[in-house]
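Let us walk through this protein step by step. Look at the whole fold before you turn to the details.

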Amino acid sequence: MLGKSDSGAITVETATQALPGRLFRNVQHKRKIKQLEGELAKIEEGLLEQTRFSSPVADAAARYLAEAGGKRIRPLLTVLVSELGNGPDERVRQVAQAIELTHLASLYHDDVMDAAVLRRGVKTAHLNWSNSVAILAGDLLFARASSLVTDLGEEAIKLQAATFERLCLGQLHETVGPAEGDNELEFYLQVLADKTGALIACAARMGALVSGAPREYLDPLTEYGEAIGLAFQLIDDVIDLSPAKQDTGKRAGTDLRAGVVTLPLLLLRDKARSDAQAADLLQRIDAGVQAVAEGADPGVMDAVVEELRAHSVTQATAERAREIAAQAISALDILPDGVVKSGLTELAQTIVNREG
């Protein structure tokens, strides 16, 4: 088992303990916790092995975010869903690693495009090296992920490729923004579905596919995965406006201060068309974003961040996330009662009830 690195990076033990214990509150299902933790530990070790390269600069850059840890929701989902088939084995662990590598690769690219400063509590890779090195490190991880999928059959290869395409389209559409006449809300939700929902849906579908689960479960599990991915991002929009409960390197309203579009802001824009108070708040937010962009201290927006956090549009965002999570749970109706169904249900609920 791996230990803690000299840099203080998250290790196998700490990276794999966040979720399993929350998903099985029923006494008769508690035994699954140890099994899941054991599988996730194997996947974590595999991830660190798959991010090793003979080139020193490639090795350091590619392992950087893997060693910083993470929630590992996608591998957890793949392993859990595999219980509907033959259970976790080397093929399941392989596909879980491929999906998590794809996720990690997308983070390198996102951080460059967003000019992000911190990721998972550490300085972003592009600041540690350069934009070019960070982008190429992401490309290397995409290549490793593709290599892992090649022995898993044509259907798995096509699914991985289609998911990668959606990730790229989501990032592209987020970058260029909606076209004239597009519904901004629908456009935003589609970007979230492509950037986040698609890969979580892939994790669920792949877990069922490579474990030999009944094929009638594939589409409902895909629907479930995409829905919880969307709910996850909407709760992130709410969390962004809340003071951090621990030292994450982020202050309340980080996205808002940077001018990043979120659902509370989109709902406020819509409300501002007929509500003078909403219009006034929106005007002050826009003025604050402009001031920060011109070099003002981000603290000038503290008051409007707090106002938006307390506003009904933020409550409506949280409620939308809960509705989508409920839809995800409904998609599981076809599954047999038992440890997988209860675990997936609890995962959806955990996602929308989190505070950080």
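Which residues of H5 are buried? They are Ile73, Arg74, Pro75, Leu76, Leu77, Thr78, Val79, Leu80 and Val81. Buried means under 20% relative accessible area, exposed means over 50%, and partly exposed lies in between (1.4 Å probe, protein chains only). Helix H5 spans residues 73-81, and nine of its nine residues are buried. Helices (H or I, at least four residues) and strands (E, at least two) are DSSP runs, numbered from the N terminus.

Some ground rules come next. This is a predicted model, in which local features need pLDDT of at least 70, side-chain atom pairs count only at pLDDT 80 or more, and totals for chains, interfaces and linings use all residues. Residues are numbered from 1 along each chain as its sequence is written, and side-chain values use heavy atoms, with hydrogens and water left out.

Now take the overall view. The protein has 17 helices and two strands. Of its 356 residues, 50% are buried. Take the contacts (heavy atoms within 4.5 Å). Among those with a separation of 6 or more, 72% join residues 24 or more positions apart. The accessible surface comes to about 16,400 Å². Carbon and sulfur atoms hold 51% of that surface. These areas come from the Shrake-Rupley method with a 1.4 Å probe; for residues, only the protein chains shown count as cover.

Next, go inside. A nonpolar core is a set of buried Ala, Val, Leu, Ile, Met, Phe, Trp, Tyr and Cys residues joined through side-chain atoms within 4.5 Å. The largest one has 73 residues. Leu77, Leu221, Tyr224, Ile228 and Leu344 have the most contacts inside it. Its largest share, twelve residues, comes from H10. Apart from this core lies another, of 16 residues, with Ala252, Ile285, Leu308 and Val313 among them. What does leucine 221 touch, not counting residues up to four places away in sequence? Its partners are Val81, Leu84, Ala204, Ala208, Leu332, Leu335 and Leu344.

Charged side chains come next. A salt bridge is a side-chain nitrogen of Lys or Arg within 4 Å of a carboxyl oxygen of Asp or Glu. A search of the whole structure finds 21 salt bridges. One of them joins the side chains of glutamate 39 and lysine 42, at 3.8 Å from N to O. Both residues lie in helix H3 (residues 31-50), three residues apart, or about one turn of the helix. Glutamate 39 is buried, at 8% relative accessible area. Lysine 42 is partly exposed, at 43%.

Glu39, Lys42, Glu90 and Arg93 are linked in a network of salt bridges. Arginine 93 sits in helix H6 (residues 90-114). It is buried, with a relative accessible area of 14%. Leaving out residues up to four places away in sequence, arginine 93 touches Glu39, Lys42, Ile43 and Pro88.

Other salt bridges reach across the sequence. The side chains of arginine 215 and glutamate 155 meet at 2.8 Å, N to O. Arginine 215 lies in the loop between helix H10 (184-211) and helix H11 (218-240), while glutamate 155 is in helix H9 (residues 154-176), so the pair ties together parts 60 residues apart in sequence. Glutamate 155 is partly exposed, at 36% relative accessible area.

Arginine 166 and aspartate 194 also form a salt bridge through their side chains, at 2.8 Å, N to O. Arginine 166 is in H9 and aspartate 194 in H10, so this pair ties together parts 28 residues apart in sequence. Arginine 166 is partly exposed, at 26%.

The structure holds zero disulfides (pairs of cysteine sulfur atoms within 2.5 Å). Cysteine 168 is partly exposed, at 42% relative accessibility. Cysteine 202 is buried, with a relative accessible area of 2%.
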